[in-house]
Amino acid sequence: MAGSGTAHLRGDKALLSVQDLVVEYPGKAGVVQAVSKVSFDVLPGETLGIVGESGCGKSTTGRAVLRLDRVTAGRISFAGERLEQADERRMRTLRRDMQMIFQDPVASLNPRRTVKDIVVEGLAVAGVPVDERKSASAAVLAKVGLNGDRFDDMLPRQLSGGQAQRVAIARALAVGPRLLVCDEPVSALDVSVQAQILNLIEDLKAQYDLTVVFIAHDLGVVRSISDNVMVMYLGKVCEFGDTVQLYDNPAHPYTRALLDSVPLTDPAKGFAGPALEGDVPSPLSPPQGCRFRTRCPLAQDRCATEEPQVREVRPGQHAACHFPLPPTT
Amino acid sequence: MSAQPVLQVRNLRAHIGTPRGVVRAVDGVSLDVDHAQAVGVVGESGSGKSVMARAIMGLMPPRSGRSGEVVFQGRDILSLSRKEKADVWGKQIAMVFQDPGRSLNPVVRVERQLTEGMRRLLGIGRSEARGRALDLLREVGVPDPERRLRNYPHELSGGMRQRVMIAIALACEPELLIADEPTTALDVTVQRQILDLLRRVQRERGMSLILISHDLAVVAGRTDRVAVMYAGRLAEVGATRQVFDAPRHRYTRALLEATPTLDHKRHTPLRLIPGSLPDPTRLPEGCRFAARCSYADDDCRDLGPQLASVGPDHHVACANPAEGPTTPEKLASGGDPVGR
Amino acid sequence: GTNPDASTDSTPAGDPVAGGTARIIQISEPRHLDPAAMGNSWAINSFLGNALYGTLMTNDTKTGVVQFQMAKSFTTSDGGATFELKLRSGLTFSDGSPLDAEAVKFNWDRARDPKTGSSSLQEASMVASTKVVDATTLKVTMVEPVPSYAQAVLTTTMNWIASPKALKAGNQRFDRNPVGAGPFTLKQWTRQDTIELAKNPDYWDAPKPYLDRITLRSTQDSTQRINTLISGGADVAIDTNWQTLDKARDAGLQTDTMSLNGGQYLALNARRAPFNDVRARKAVAAALDIRAVDDAIYNGTGKIADTLFTKSSPFYSETKLTKQDKKTAQKLFDELAAEGKPVSFTFTSFPAPESKGTAESVQAQLSAFKNVDVKVDFVDISKATELYTTNDFDMVISSALFTDPEPRLWTVFHGDSQVNRSGLDDNELNQALEAGRTATKQQERKAAYEAVQKRLVELVPAIFLGRAAPSAVTAKNVHGVRQYGQGSLLPEELWMQK
Amino acid sequence: MVFPVAKRIGRSLLVVLLVTMGVVGLLSLAPGSVASVILGENATPKAVAALNAELGFDRPLWQQYTDWLTGAVQGDLGDSPVTGQSVSAAIAERLPVTLQLAVMAFVIALAVSILLAVASAARPGSPVDRGINAVSSVFLSVPAFIAGPLLIYFCALKLGWFPVTGWARISEGIGPNLQAAMLPAIAIALTEIASFHRLLRTDLIGTLREDFVGAAKAKGMSATYVMFRHALRPSSFSLITLAGINLGRLIGGTVIVESLFSLPGLGQLLASSITARDVITVQGVVAFIAVVYVGVNTAVDLSYRMIDPRVKKAARA
Amino acid sequence: MTHSDAVVDRKVSSRVAPAAAEPIVSRPRTSRSILVPLSYAWLITVIASALLADLLPLASYATPVGPPRQPPQWGSLDLMLGTDNLGRSILSRCVYGARVSLVVGTAAGLVGATIGAILGMLGGYFGKRPDSVVRLVADAMLAFPPLILLLALASILTPSVRTLLVGLTLLIIPSFIRLARANTLAWSAREFVLAARNMGAGHRRILVKEILPNVLPPLGAYLPIVMAALIVAEGSLSFLGMGIPPPQPSWGGLISDGKDSIADSPHTVFIPSLVIFLTVFALNQAGDHLRHRFDRTMHD
Ligand SMILES: Nc1ncnc2c1ncn2[C@@H]1O[C@H](COP(=O)(O)OP(=O)(O)OP(=O)(O)O)[C@@H](O)[C@H]1O
Ligand SMILES: Nc1ncnc2c1ncn2[C@@H]1O[C@H](COP(=O)(O)OP(=O)(O)OP(=O)(O)O)[C@@H](O)[C@H]1O
Ligand SMILES: [Mg+2]
Ligand SMILES: [Mg+2]
């Protein structure tokens, strides 16, 4: 895996199209290439899931797309507009079309501002008058199921995780976005609340015709919500394709390993397949060639020398691997 | 087996005083753990799993109180003197915490963290402790253990740290290991490794294990029995297979349904559990799940069911339990199931 | 104590014993050991100066009669227009070079030079020229006749003669190795810490000094000085504070306080408003209760300077310098205010506790009167020069301390004097001062000073407060306390019982 | 590795430059001049001006400064126009006193405040904690110039344990030396104890809530062991930062205590030099103090790495 | 698991074993005991009497009311706390002294905190060059011996409350810079700042609306300590002869004036010391309480 390439892009139809995105963080210990030549696109109305282990660059990708992080290289087009070239002022306007929901529902809310302030932050920035904001806040809170004014004066710490995440979603919705980037919006939540939020996102998506990029590490969650999935490993794309197809017949050994590591609720089965050895290598000095080769059960000499490019291994399924797995069914 | 259970928790209550009121985090929990048995405890965040584990370990926050009994190998360890406690905790019962990054002291080398317990509790010398530490690290699958001993926690990856935590817990060869969400902070692939490791050492050493998790799936394949906790009480206890195959408590069932699994059909809504956990300072009188349960009746709200047997090694605290695969004994709602 | 007039507690202790190290606490240390940079008054560096350079002359603290030490005589044949200084023969500096008339000339000429910055510039400048007659004789010509000039010499640093050669080597060298002919020589000086002195084996007045060694420390705070002594951390403390002296006596220490005429006074600047009007000066004088000032700063333990001379002085007269009269005071304040000349002035004070206390006491007392307003302004010592050269003050605290009124009284109150703080130039007063200076008969002098006092009461250029307390506090086993001049303590006389 | 070190040194030099320039600027605004101080009360303005010119103080300020700087860079801080002593020698003479005072005060303050903080953090809100907090409030509200005399009164006069005033160099024996330094060191330490205690207490309470503390207890370690071996070190960051700042500041700031106890330290030198308008000495001493301050704080930064190995990682390479 | 567990677990429900007692839990005190109201009472008394001093039936603080160094005594209001070295009423001087001490504490504290907070926040938020400059300024101010600053200021400007304020303010600025900077660094790394940027908020809005409210509480918590230190420091300046000009009283000045008679008339020192202590203590108590009360994030 851990490959580059743009073979899986679907051209002009995409609402958001990212090509060869590179994000680097210079640190005292050296430069971390958190995202390394990642390409993907999202069609209008579609949900793209991004999965991968911690530190593989999912959040960084999400933030870079919204230009919340510095973009070292690459092209990001949103509705035909090149974001990486837009200036700050243009970005401010564009941001209202692209919203983000963050991983930790409580951390993404200012602990010292009340719910009603937080929700209309975007409108306040845009200069919407106070009374309009008031009604807007009530409306948008109702949309996410926080009816009544009970929550208006609460502080984030007084909310449960699920409620906090709803407030975050309400804040994003308030400005009427077209694209919603959800960065692990449910990983800090309980299953019961998680289900509520996932259902809510599905509902809103249908209702407001949203396009969603859904980042998560829980494969079950991603499967339930997305049309397409991108699997990332150490800043690179492993596999990209239709969700069902990819889950049923992973072509990349890493996708396979991820699926095999998901604990099953069936006490008889435990896990679906063998465990993956070792840890994720340091992003400071990623392996040459295919970045997954150090843990890959199928790695060969070629993997160490030649970086695999994303290619279509099956119709609608792209993988960056020299030795893709055959379909199991 | 006629042997006494290793651990008998009897009607354990652990309440914590907060400015807003008393949090009844654990409110009458009874649980047995047999020798060489792995017991899972599952429940949503805030259901009291950690407080229970900490109450057993004697790690209660300030301004808190406990009652009930925790009988470990025949002794009630809640009423031990300070000296005797040191004999039990650490040596006989050990614990692994949720976040391996935060439960290792960041400024102390792995070696000391691993050996200080051994040296103090077993009274062995430095070099012997070091030798044992190396063995332990090998046992938990840490490569290059000599180097790791000299490392600080931050120099290890998350999985490594959790392995070290497990090695520390195993250091004095405890009878019972309590693992409080040992993999929640880890990635799937690493979680997999740690879960396999725990199960292996538990089996190899013939140790008892309490595995706490909010993830039903984590507990499912790795325990012999499982206890489902809700708002400080047990909702359902039973052999893991039974509980997962035929959950009887409405809550257990709802939890399982709300979990998106790999075979969930996409874009179909998940089954919801309406509402949220009750405020722990103002718990309802009767069944604590009643407010969220579509099967609840007035009895549920007023009386609250007790844990009652619904099959061999399967107990449910529910007045209107779900149908099981085999016909369960019909239970009178609210009454004493055994009639004693 | 050798001075019968001094209030003394020391009991006669038999014959002096030689040997021992005395630990002495002084008030402050000099910037340099150059005599010009020191001051010959108990509160400054007199002990150190006496130790390093010896004395030319001393005086009897009661009568003011001059006693000759390294000088054999200091005589005038023309009523003070010229003097002849005769030195003992065979005096040598500690480096072996002779202390002769040439050396005295060098030192005295140097003190007259404004560039030297001598603290005795005023007195030294009364000399017009000096001439070496022979090795032991120096002829001194005065600017104008000053018959009792010896008093000026012995109360200033002119009394200390340092080796010209050593002085010429520059301050830094000199501070490391000051060369004088005093009873002690410098061993080591660690600034703001200790000054170690050792006996000068070649001192002219053998068997003096009695002590082998002296360790000098400096502490500004008088309570701490006495506390150190009480705790046994020192043997002798130089002190100026009536209250701590009282405490020292309570603690069983011996105190020797020399009595000096005159005292601390408030100088009223008569050059400008409001004190250019005699009524304003009179009003303030009448308003103040001098006792209360003493109460404030010395807890009532001090002596009040209600007359110019102490009872034991041959010049004593009963003329009271001030008398409190609140009614008159208020009447005058009102009167001045009505004329549009309200008495509103600034007391310029130094930060020292006594000065500060006085200023505040004056302010507090006057605050009880109407139509008078006092501000207190603190200036640090570095501003003193500017203050006195520009005379930019209304009221300052100053002192006029003397055994013989000459020359001090003249310099304080004569219209021609550079250091006449009040700036009052009154013919009658000037004449009386001239008379006191030039008269040769005691009777005439007494009459002249009687006139001075009368005039001072009439004109109030100064309000006298309390007497000074030039004191030495000593542990029980220390004897031989002898002072001269302005309370200058003589180190060669000190001895310690074993 | 070279780069950060060079940067650090550069910054330190800048700090010292700024500070000395500030001093020169400030003192130049103050009335009076060193010449008028040297010449005393009887000086004439002409003599003062002449002496000032002789000493070179009539030149433009920047010129005086650059001259001084040129010398200072070569290690020559000049000679004091007032005492004639070389400034470096004057500093060298005072430094042992100030250094010993500051260090002793810090050792005392750290030892006492750590014990107090441990005692109060063990049971926040308990009577012990409240009592200690009240005591620390007392320490905060008693200025050194009152604490000093009180200490002298009780410990020196009544008990006779320590000398009232004065200094004993180490060469006079370690016993007398420590005796002389003890009371002033305590007088300085009191306020430090109060602020250290507050800071450490808060941090300790925070650390005691951490999982690793629970983990250590779960291992069977005693409360005292956990407190001192596990909790104290990671709680000491802010303490060390504050201690660094305060220690740096004490090097020039013990003047009150020095004058109360008549100690020949840098503070007294500084104070008397300011009063004497001895710019050369002031500048030298201030430059020296700034260097020490910068040095101490660099040491503090380095000590972070000793306390917390994570810092080392972040700063490496 | 064995059969035994069936037996055991049957005994399990709380109703079966009602004998088990409820654990005894002490709730943390919500109010900080009686000390808090007392502290407020004290602060209000001090502030009110400072403001209304002129209306109180008090003797002038400048004029003696009796013999010096009278011990505290009943009967006359003016002599209630005794008299000072000049026979002035200590009660009156304490009341009027509160003006200077409180003004010094509050004004220097607030101004210093404001300037320090602004600089620190700018440095912490923008990083890089602005941060280096801010750190340089803070370091230089800290490395500057405080004594020099005060002595120099005292000689340049004549000693007065204003001079004092300038000097003391300069002294406390760097601590606040450091504190504000450290907190800003921590808070600006938080996700909600990113969220605000995502909403299109500019730097100014983020600083004011997002970061400032979070940086204020730690600064506020530090402020009472600084105010206490300032009140005490003003006394030290009086001791060094750089205090405010007489006859205006200040608490620190009172202590400094009384220090020479500490052995004979200890009340001249202890009464003002006690006043300072009570105020310092009350400030701390009130500070803690306010933080608990108004910093809603501190709850639970
Ligand atoms: N601000 C930053 N400065 C330096 N390195 C960073 C920064 N943010 C992220 N990184 C590094 O970039 C890499 C990718 O981080 P990112 O947060 O995108 O991962 P992620 O996939 O979102 O992980 P997680 O699942 O833990 O959220 C990691 O190695 C991380 O350490
Ligand atoms: N130190 C404490 N002070 C006050 N309340 C506490 C404390 N610790 C836990 N609680 C409360 O006790 C209840 C049970 O908490 P506990 O930590 O046991 O839940 P949990 O089941 O372990 O949840 P999680 O899955 O989030 O770890 C919660 O309501 C929690 O808020
Ligand atoms: Mg992330
Ligand atoms: Mg938990």
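**Ground rules**

I number residues from 1 along each chain as its sequence is written, letter chains from A and number ligands from 1 in the order in which they are written. In this predicted model local features need pLDDT of at least 70, side-chain atom pairs count only at pLDDT 80 or more, and totals for chains, interfaces and linings use all residues, while side-chain values use heavy atoms, with hydrogens and water left out.

**Entry 1: ligand 1**

I began with the surroundings of ligand 1, taking a residue as near if one of its heavy atoms lies within 4 Å. I found 14 residues around ligand 1, the closest being Ser54(A), Gly55(A), Lys58(A), Ser59(A) and Thr60(A). Which helix gives the most to this shell? Helix α1 (residues 58-65) of chain A does, with four residues; helices (H or I, at least four residues) and strands (E, at least two) are DSSP runs, numbered from the N terminus.

I then sorted the shell by class, and it has four nonpolar, six polar and four charged residues. For this I count Ala, Val, Leu, Ile, Met, Phe, Trp, Tyr, Cys and Pro as nonpolar, Asp, Glu, Lys and Arg as charged, and the others, Gly among them, as polar.

Next came polar contacts, meaning a pair of N or O atoms within 3.5 Å; within protein, one must be able to donate a hydrogen and the other to accept it, and residues adjacent in sequence count only if both atoms are side-chain atoms. A polar backbone atom of Gly55(A) is 2.7 Å from an oxygen atom of ligand 1. From the side chains, Glu184(A) brings a polar atom to 3.0 Å from a ligand 1 oxygen, and Gln103(A) has an N or O atom 3.4 Å from one. The protein covers 64% of the 630 Å² of accessible area that ligand 1 has on its own (Shrake-Rupley method with a 1.4 Å probe; for residues, only the protein chains shown count as cover).

**Entry 2: ligand 2**

I moved on to chain B. Ligand 2 has 15 residues around it, and Ser45(B), Gly46(B), Lys49(B), Ser50(B) and Val51(B) come nearest. A polar side-chain atom of Ser50(B) lies 2.5 Å from a ligand 2 oxygen. Here the protein covers 68% of the 630 Å² of accessible area that ligand 2 has on its own.

I noted that β1 (7-18), β2 and α1 (49-57) of chain B each give two or more residues to the shell. The largest share, three residues, comes from α1(B).

**Entry 3: chains A and B**

Which pair of chains has the most contacts? Among the eight pairs of chains that touch, it is A and B, with contact meaning heavy atoms within 4.5 Å. I listed 42 residues from chain B and 45 residues from chain A. The two chains bury about 3,500 Å² between them, 57% of it on carbon and sulfur atoms; buried area is the accessible area (1.4 Å probe) that two parts lose on being put together, summed over both. In chain B, Arg192(B), Leu262(B) and Arg266(B) lose the most area to chain A, together 23% of what that side buries.

I looked for salt bridges (a side-chain nitrogen of Lys or Arg within 4 Å of a carboxyl oxygen of Asp or Glu) and the count between chain B and chain A is zero. I did find nine residue pairs in polar contact across this interface, both residues at pLDDT 80 or more.

**Entry 4: chains D and E**

This contact takes 41 residues from chain E and 43 residues from chain D. Together they bury about 3,700 Å², 76% of it on carbon and sulfur atoms. I found one salt bridge here: Asp139(E) pairs with Arg11(D), the closest N and O atoms being 3.6 Å apart.

Most residues other than glycine have a negative phi, and most peptide bonds are trans. I marked a cis peptide bond joining Lys208(C) and Pro209(C), with omega about -10 degrees. Pro209(C) lies in the loop between β10 (194-199) and β11 (213-218) of chain C. The bond from Glu406(C) to Pro407(C) is cis too, with omega near -5 degrees. In chain B, Ala36(B) is not a glycine but has a positive phi of about 60 degrees.
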